[in-house]
Amino acid sequence: PPIVHLSLGSTLNADDIKEGDDVYFECKVRANPPMRRLTWLHNDIVLLHNMSSRIIHSNQSLVLQKVTKQSAGIYRCSVVNSEGETVSNELHFRVQCKWFHQVLSADVNWDAPTCKNDKIMVVGASRGETIDVICQIESDPPAKSYKWKFNNSGETIDMEAERFASSNGTLSILKYTPIAELDYGSLSCWAANDVGTQVNPCVFQLVAAGKPLAVKNCTLTNQTSSSVEIYCLPGFDGGLPQHFLLELYTENSLIPRYNVTAFAEPYFFLDNLETDVIFRMVVFAVNSKGKSNGVVLEEITFRDAEKRTGKLFIYRKK
């Protein structure tokens with residue numbers, strides 16, 4: 001498998017990154033055969049190339065323009081070649097506040113509240129399901145009050161304070177139950193502290209959602225006497241971001257030998273598997289609502305190259 005190491009750009013000082021700076025990360029790769037795919041992860045979420053959001057993929061570098069406090073977190077890069085997948089070391093990235101207020105002749109970083117995540121967050125719920133929508137903010141001094149609004153294509157509604165299940169200095173939790181189609185739309189949350197009121201709200205897009213549908217058309221490729229690649233096509237994601245899980249069992253076992261997670265697509269590489277052992281593989285799609293039905297590939301047998309006279313695998317898809 002590839003050898004991968006992630007680092008902050010060599011010209012940057014990790015202790016001097018401020019809001020508004022441009023930064024870049026370098027994913028250094030040694031791979032033979034050459035790599036097929038490089039994926040960037042921020043807090044375990046795939047980070048796609050998006051010029052409008054100032055996220056740029058360039059060869060083996062990731063460029064973030066005009067970073068905010070929400071750009072902070074854990075970054076990793078994942079590299080795949082025909083020998084397997086390697087996920088890099090974790091890089092903990094910090095972004096310092098640019099502006100500060102002078103309080104009592106001392107430099108103190110006091111600001112009006114800001115949203116901990118400045119992206120629009122997708123929240124899924126089925127009709128009649130009560131969910132907790134969590135508004136997390138960064139505030140120093142702590143927030144003293146919150147307000148919530150609901151908006152769809154037809155109206156904007158102030159949410160009653162009694163619907164806030166819990167509030168403190170850094171978060172507010174709204175209980176929400178969609179009943180009809182018009183109950184789906186966007187929810188916005190603002191916080192206020194002694195400095196002022198949050199300028200840009202935390203925004204949640206409420207979508208009709210459920211568990212994802214199962215993957216389909218799973219195939220085994222690049223087979224050897226001890227390894228295999230598995231490709232599937234993703235099904236409907238249930239209205240929410242999904243990832244994929246493969247569990248490997250021996251023939252009569254109920255406990256997985258091991259499991260493999262894929263973030264971007266249902267592609268898996270398995271290696272160091274014994275010959276003449278009957279395996280069963282189960283592939284799931286997973287989102288925040290749960291797992292899809294599993295797609296089962298069973299009666300998979302690896303034959304020793306010296307003994308093999310026919311096909312390398314015998315498998316049946318359930």
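1. Glycine 124 is buried, at a relative accessible area of 9% (buried means under 20%, exposed over 50%, partly exposed in between, with a 1.4 Å probe and protein chains only). The structure is a predicted model, in which local features need pLDDT of at least 70 and side-chain atom pairs count only at pLDDT 80 or more, while totals for chains, interfaces and linings use all residues. Residues are numbered from 1 along each chain as its sequence is written, and side-chain values use heavy atoms, with hydrogens and water left out.

2. Glycine 124 belongs to strand E13 (strands are DSSP runs of E, at least two residues, numbered from the N terminus). Glycine 124 lies 81 residues from glutamine 205 in sequence, and the two are 8.3 Å apart in space, C-alpha to C-alpha.

3. Strand E13 runs parallel to strand E20 (residues 202-208), and five bridges join them (two strands pair if DSSP finds at least two bridges between them). Alanine 125 stands opposite alanine 208 in E20.

4. Both strands are part of an open sheet of five strands, in the order E13-E20-E19-E15-E16, with mixed pairing. Strand E13 (121-125) and strand E16 (156-158) are the edge strands, each pairing on one side only.

5. The largest pocket has a volume of about 1,700 Å³. A pocket is an open set of points on a 1 Å grid over the protein atoms alone, with protein on both sides within 12 Å along at least five of seven lines; lining residues have an atom within 4 Å of a point. Grid points are joined across faces, edges and corners, and a volume is the space filled by probe spheres set on the points. Of the 49 lining residues, those closest to the centre are Ile45, Val46, Asn117, Lys119 and Ile120. E13 is one of the elements that give two or more residues to this lining, but the largest share, six residues, comes from E14.

6. The largest cavity has a volume of about 60 Å³ (a cavity is a set of grid points where a 1.4 Å probe fits but cannot get out). Its lining includes Arg37, Glu85 and Phe263. Strand E3 (residues 37-42) gives the most to this lining, with three residues. Where does the largest cavity lie? Domain 1 (3-93) and domain 3 (216-302) both give residues to the lining, so the cavity lies between them (domain bounds come from an automatic or database domain assignment).

Technical notes
Helices (H or I, at least four residues) and strands (E, at least two) are DSSP runs, numbered from the N terminus.
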